[in-house]
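Visitor: Please take me through one part of this model closely. I would like to hear about the pairing of oppositely charged side chains.

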Amino acid sequence: MPIITISRQMGSGGSFLAEQLAAKLDYRLVDKVILTRAAQLAGVAEERLAELEQGELEGRFERFLRNMARGLPDLDHYYRAFAELEEDTPEATQYAYYGHTRGSHDRLRREDVVRYYEAAIRELSQRGNVIVLGRGGQVILGDAPHSLHVRVTADLNWRAEQVAARRQIDAEEAVKTIREDDAKRLGYLRENYQEDSNHALLYGLCLRTDRVSVERAVSFISQWAVEESKRQHAAFEAQQEG
């Protein structure tokens, strides 16, 4: 069934769009539950996982070493097999990465946290009919069949007006808050996936909510979801008949 991911800038109304779209389509909105499921997979408290995720970004030397490591053979299955020796049930260690065993705190690093988020997103999206909000969903599920990846943006000053009104702060403070949040979101995708969240090729649809209303956007995306579901169903029936 169709999968929709939404990447948004602060103040663009992307979260509201996701909520309205989920209500109209009767889809599951996958947002805060990602943290809950990732913590369950890691076997640690949600608060602990969130703290590790908020850790400082790597320095240039650490980033250099990690990027070099990406070119090495995938050793994940070795670590996973090793972890299974220490657990009674293999299923409990299916998300063991880089030597981290489920429930241990000392060896859980920021990259492990990202991997657990990835596993949670893939698992929660497996059945389709979901809307994934943020967390790099457009990259993690980039090749998923029957998926639409949406980027929600707007002019900086327009976004500042929305944030200022919602938080009851002045325009200058709103702009500062937005710039910091934009940098954080850009940094997350760049550090973990070497991608630019503003790169249009990551998306099937880019929306400016200062030009296109959320209501019109919901209508357009809903139409895509209904038509995509019909195409998927027709393809399945054709395969069964064949």
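Guide: What follows is a walk along some of these pairs. This is a predicted model, where local features need pLDDT of at least 70 and side-chain atom pairs count only at pLDDT 80 or more, while totals for chains, interfaces and linings use all residues. Residues are numbered from 1 along each chain as its sequence is written, and side-chain values use heavy atoms, leaving out hydrogens and water.

The structure holds six salt bridges (a side-chain nitrogen of Lys or Arg within 4 Å of a carboxyl oxygen of Asp or Glu). One of them joins Asp182 to Arg159, at 3.0 Å from N to O. Asp182 sits in helix α9 (residues 171–193) and Arg159 in helix α8 (residues 156–167), so this bridge ties together parts 23 residues apart in sequence; helices here are DSSP runs of H or I, at least four residues, numbered from the N terminus. Arg159 is buried, at 3% relative accessible area, and Asp182 also counts as buried, at 16% (buried is under 20%, exposed over 50%, partly exposed in between, with a 1.4 Å probe and protein chains only).

Asp181 counts as buried at 17%, whereas Arg185 is partly exposed at 32%.

Helix α10 (residues 214–241) contains Glu228 and Arg231, three residues apart, about one turn. Their side chains meet in a salt bridge at 2.5 Å, N to O. Here Glu228 is buried at 12%, and Arg231 is partly exposed at 44%.

Methods. Helix = DSSP H or I, 4+ residues; strand = E, 2+ residues; numbered from the N terminus.
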